[in-house]
Amino acid sequence: MSRPNFIDSRTERKRAGKRDVILDIGARMMNEFGAGAIRLGDIAKDVGMSRNAVYYYVKDRADLVSQCYHRTCDRIEKVISDAAKIEASPTDKIEMIISALLVSSDNEFAIISDAALLPIADQESISERLLTHIRMLADILVQGEAEGQIRARDLNLVAYMILGMVNWAILWNKWSSPDKTENDLRNRQASAIICDIVVNGLANKPGVEFQCKAVAEELVIGMIANREQSLEEPRLREKLKAAASLLFNRHGIETVSIDDIAAAAGVTKGAVYHHFKDKRDLLHSCYDRAFDHYESFAEAAEKAEANSLGRMLTVFYLNCQAQSGPAPPLVLQPGLNALPDRFLVRASLLAGRMRNIHADGIRQKSIRGTDPAIVELTAGAFFWLQKWRGQRSDLAGRDIAELMTAVLLSGIRRQ
């Protein structure tokens, strides 16, 4: 009878622990600076090992990204699977899942945004796993609907919203709060806030209805027309930013080239360089365009003849509608820490405007006494919309906006 080789098992555990450290650092870098910013030499330095030693664990940058993404997929699938087996209400299971994804793990959660950097077979594998997460989460929601505990919603759409808010909470907290201790606290708070809003919604009273009178496309057309009149924004420049934003939202910033953008806009590569110095210049212009959109939606809501609940829902609806369309504003995504400070300033000012509307709604008693950080976190519900838009081609943009806004209004719990 052979004896177990304890030395080999200890060595394997040590290697697995070192791999986890490498993947943690890689995932953190990807989230903060984008997958394209990863340098294996920087990771080796952080781990305290030689660059050649890192190659024992990862072949190259693409392999590192792939391992980080698959490890995150493993975690998501285990969390949802474990919750599905527990004897608890479907809404309790959803709360467990959100909490476990944001709080309960020793490993860094890699936001899956740049899968197009990977070989085709790996892209397809990641894509299928992401769809599996949605199906698993939707199955729990469907069970709750069958038991009469969850409202009859488009529960596939709700699953996308939940995972989108989890992704965004991780990025937003790292961007707006670099301190790790504070960041961990904010992730725990975000978990409770996302659970509350998904389950219970914003409305203070049941039976409240909402209909948005503004239209995102009309607001954007008016904004562009004003720029063209002032000769500050030539039409081709705007077209290039719109084409780039759509591609960035769908495929990730790192994987889209100037050639791709030129082809999507139907112009030559030289025409792109006539208006923008390089890809970074174009990217920053896309973010400026995005904040112009976001601020125009907030302004439209502030002028709307509605209570504060209606104003908050108007902003959310317009963003959902804009992200569903063919020329969406660029969403905030991995790599935020590499951006100029002006974008965090604009994001913080916009969040402040929304927090004021939220506070007014609580005073008016149209909005439940929810945490004000809800105004930042709900953006995650539509920030990943273009990544799954093709999977819901059965719905028009306005339909998606209405369905998602209905969840924000009254949640999924059947009263």
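User: In which helix do W168 and W172 lie, and how many residues apart are they?

Analyst: Both lie in helix α7, 4 residues apart, about one turn of the helix. A helix here is a DSSP run of H or I with at least four residues, numbered from the N terminus. This is a predicted model: local features need pLDDT of at least 70, side-chain atom pairs count only at pLDDT 80 or more, and totals for chains, interfaces and linings use all residues. Residues are numbered from 1 along each chain as its sequence is written, and side-chain values use heavy atoms, with hydrogens and water left out.

User: Why is the pair of W168 and W172 called tilted?

Analyst: Rings of Phe, Tyr and Trp (its six-membered ring) pair if their centres lie within 6.5 Å; planes under 30 degrees apart are stacked, over 60 edge-to-face, and the rest tilted. The centres of W168 and W172 are 5.8 Å apart and the planes stand at 40°, so the pair is tilted.

User: What kind of aromatic pair do F210 and Y317 form?

Analyst: Their pair is edge-to-face, with 65° between the planes and 6.5 Å centre to centre. F210 lies in the loop between α8 and α9 and Y317 in helix α14, so the pair ties together parts that are 107 residues apart in sequence.

User: Why does Y317 count as buried?

Analyst: Buried means under 20% relative accessible area, exposed over 50%, and partly exposed in between (1.4 Å probe, protein chains only). Y317 has 6%, so Y317 is buried. F210 has 26%, so F210 is partly exposed.

User: Why does K365 count as exposed?

Analyst: K365 has 58% relative accessibility, so K365 counts as exposed. K365 is found in the loop between α15 and α16. K365 also has a positive phi of about 70°, although K365 is not a glycine.

User: What makes a space a cavity?

Analyst: On a 1 Å grid over the protein atoms alone, a cavity is a set of points where a 1.4 Å probe fits but cannot get out; lining residues have an atom within 4 Å of a point. The structure holds 3 cavities of 30 Å³ or more. Among the 21 residues that line the largest cavity, L350, M354, V375, A379 and F382 are the closest to its centre.

User: How many residues in the lining of the largest cavity are nonpolar?

Analyst: The lining has 18 nonpolar, 2 polar and 1 charged residues. Ala, Val, Leu, Ile, Met, Phe, Trp, Tyr, Cys and Pro count as nonpolar, Asp, Glu, Lys and Arg as charged, and the others, Gly among them, as polar.

Key. On a 1 Å grid over the protein atoms alone, a cavity is a set of points where a 1.4 Å probe fits but cannot get out, and a pocket is an open set with protein on both sides within 12 Å along at least five of seven lines; lining residues have an atom within 4 Å of a point. Grid points are joined across faces, edges and corners, and a volume is the space filled by probe spheres set on the points. Helices (H or I, at least four residues) and strands (E, at least two) are DSSP runs, numbered from the N terminus.
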